[in-house]
There are 2 protein chains.
Amino acid sequence: MAASSGVGLRELTRRAVRTQIAETAMELFVAKGYEETTVDEIAAAVGISGRSVFRYFPTKEDIVVGLLDGIGDELAAALAARPRDEPPWVALRNAMTPHLDSLTRDSDRTIATAMLLADTPALRGALLAKRARWAEALVPDISRRLKLPPARRDLAARSLVGAALTCLNNAVDDWARSNGRKPLAKLLDTAIAAVRG
Amino acid sequence: MAASSGVGLRELTRRAVRTQIAETAMELFVAKGYEETTVDEIAAAVGISGRSVFRYFPTKEDIVVGLLDGIGDELAAALAARPRDEPPWVALRNAMTPHLDSLTRDSDRTIATAMLLADTPALRGALLAKRARWAEALVPDISRRLKLPPARRDLAARSLVGAALTCLNNAVDDWARSNGRKPLAKLLDTAIAAVRG
DNA sequence: CTAGTTCTGTCAGCGACTGACAGCCAAGGC
DNA sequence: GCCTTGGCTGTCAGTCGCTGACAGAACTAG
């Protein structure tokens with residue numbers, strides 16, 4: 001079974017190979033473009049067979065958007081940590097703060113990914129699908145904060161969360177287009193204020 | 001050149017074949033599922049070659065979401081027709097009314113499409129990408145209605161439009177899940193009210 | 001050392017999608 | 001009447017993403 005640490009040695013090498021594939025692929029994508037880069041080319045650059053790439057990533061798209069996999073759970077955890085009587089919009093905004101920090105922390109990687117997502121239509125769909133899954137993780141908490149009859153509660157919560165994530169996306173896009181110069185938190189506040197206008 | 005009517009005879013037959021492909025494909029998708037239906041099967045059912053399907057639709061996804069192609073322009077036109085001093089949220093809500101009517105008019109087709117989109121992940125990404133293109137058509141108008149410094153105007157408009165379209169999507173989903181029983185307009189109002197909380 | 005698990009490369013195949021080529025058929029000039 | 005032109009079509013061949021199956025290598029446990 002597992003050693004004294006939480007994860008076994010096998011899981012460790014797996015993660016190493018996984019990040020190696022992701023980093024090599026990102027370099028190629030930025031250099032040549034996403035659609036112009038073949039999975040076999042990525043595999044050759046890493047030194048493995050093309051088949052093995054799909055043993056670490058379910059799809060080619062996931063090599064890019066897989067980086068954003070844990071964010072939904074992070075946001076949900078941050079949201080659950082907010083006081084129970086905090087109103088929905090405030091709780092959502094505050095729950096995003098740690099995520100904003102982690103985005104600005106390695107801004108180079110974030111901006112590169114955002115740029116790649118911006119001018120690759122095929123990836124945009126995948127990103128939006130990922131965002132929809134984040135929403136699913138946040139809806140139950142927001143639903144609990146709403147004081148509405150049960151018939152309306154779910155629709156209201158889904159719309160609220162969707163609007164909040166749209167604001168987050170637009171703020172990050174704007175921030176990336178400014179090369180990280182504009183303050184991300186203020187952009188998010190501007191977006192939210194406009195929606196609540 | 002063209003005859004007395006606006007469109008030539010060639011364009012007419014083209015549209016006929018196009019709708020024929022779309023209708024046949026939708027029947028097969030509903031019966032067998034989207035991913036389980038091959039493009040060649042659709043072609044065979046119509047009586048053309050598989051290659052020709054791609055001469056009418058750029059991708060297999062577009063056979064489904066192509067039906068929603070004109071909606072973005074319709075919404076933009078309806079929005080442009082609203083009084084110039086109408087506030088953004090009110091103008092967006094009112095601009096959606098004709099679209100709501102056309103959705104409820106042939107509710108059977110709308111519900112079937114919504115159901116198909118709901119349980120086909122591959123199509124969801126395409127739908128969200130389409131919705132993003134609708135947003136592009138609405139942003140300039142909303143941007144004009146906002147009284148904000150230019151630095152914030154674009155981000156605010158994009159977020160506002162994105163939030164409104166999220167409300168529309170969620171309302172239609174809820175409406176379709178209720179088999180068209182709940183009043184669609186009220187659902188949309190509920191969603192918008194929740195976002196403006 | 002052995003037995004069992006896990007990983008890997010290779011091969012074969014499906015389906016979406018594209019480019020190229022040749023044949024068909026309607027529209028228009030002679 | 002004929003012939004040319006242009007668009008539509010089917011066929012063929014090929015690329016790429018992705019999957020299942022198999023056999024061998026490597027590592028782990030006893």
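Select E41(B): at 33% relative accessibility, E41(B) counts as partly exposed, a class that runs between buried (under 20% relative accessible area) and exposed (over 50%), with a 1.4 Å probe and protein chains only. The side chains of E41(B) and K32(B) form a salt bridge, with N to O at 2.9 Å. A salt bridge here is a side-chain nitrogen of Lys or Arg within 4 Å of a carboxyl oxygen of Asp or Glu. Side chains of opposite charge can pair when their charged atoms come close.

This is a predicted model, in which local features need pLDDT of at least 70 and side-chain atom pairs count only at pLDDT 80 or more, while totals for chains, interfaces and linings use all residues. Residues are numbered from 1 along each chain as its sequence is written, chains are lettered from A and ligands numbered from 1 in the order in which they are written, and side-chain values use heavy atoms, with hydrogens and water left out.

**Further salt bridges**

Over all chains, a search of the whole structure finds 14 salt bridges. Next, select D189(A) and R93(A), whose side chains meet in a salt bridge at 2.7 Å, N to O. This pair links distant parts of the chain: D189(A) is in helix 10 of chain A, R93(A) is in helix 6 (residues 88–105) of chain A, and they are 96 residues apart. Helices (H or I, at least four residues) are DSSP runs, numbered from the N terminus. D189(A) is partly exposed at 36% relative accessible area, whereas R93(A) counts as buried at 15%.

Move to helix 8 of chain B, where D141(B) and R145(B) lie 4 residues apart, about one turn of the helix. Their salt bridge has its closest N and O atoms 2.7 Å apart. Is D141(B) buried or exposed? D141(B) is buried, and so is R145(B).

Stay on helix 8 (residues 121–145) of chain B and pick S143(B). S143(B) is classed as buried because its relative accessible area is 14%. Leaving aside neighbours within four places in sequence, S143(B) is in contact (heavy atoms within 4.5 Å) with R153(B) and A157(B).

**Between chain A and chain B**

Show both protein chains. The contact takes 30 residues from chain A and 30 residues from chain B. About 2,300 Å² is buried between them, and carbon and sulfur atoms give 59% of that area. Buried area is the accessible area (1.4 Å probe) that two parts lose on being put together, summed over both. On the chain A side, select L155(A), R158(A) and V195(A), which lose the most area to chain B, together 23% of what that side buries.

How many salt bridges does the rule find across the interface of chain A and chain B? It finds 0 salt bridges. Across the interface of chain A and chain B there are 7 residue pairs in polar contact, both residues at pLDDT 80 or more. A polar contact is a pair of N or O atoms within 3.5 Å; within protein, one must be able to donate a hydrogen and the other to accept it, and residues adjacent in sequence count only if both atoms are side-chain atoms.

Colour helix 8 (121–145), helix 9 (150–177) and helix 10 (184–196) of chain A, the elements that give two or more residues to the side touching chain B. Helix 9 of chain A gives the most, with 15 residues. The residues on this side divide into 13 nonpolar, 7 polar and 10 charged.

**DNA strand C**

Select DNA strand C and the 16 residues that surround it; the closest are S49(A), S52(A), R55(A), Y56(A) and K60(B). Near means that a heavy atom of the residue lies within 4 Å of the strand. Zoom in on R55(A): an N or O atom in its side chain is 2.5 Å from a base oxygen of DNA strand C.

**DNA strand D**

Finish at DNA strand D. Of the 18 residues around DNA strand D, K60(A), S49(B), S52(B), R55(B) and Y56(B) come nearest. Polar side-chain atoms lie 2.4 Å from a phosphate oxygen of DNA strand D in S52(B) and 2.9 Å from a phosphate oxygen in Y56(B).

Terms used
Ala, Val, Leu, Ile, Met, Phe, Trp, Tyr, Cys and Pro count as nonpolar, Asp, Glu, Lys and Arg as charged, and the others, Gly among them, as polar.
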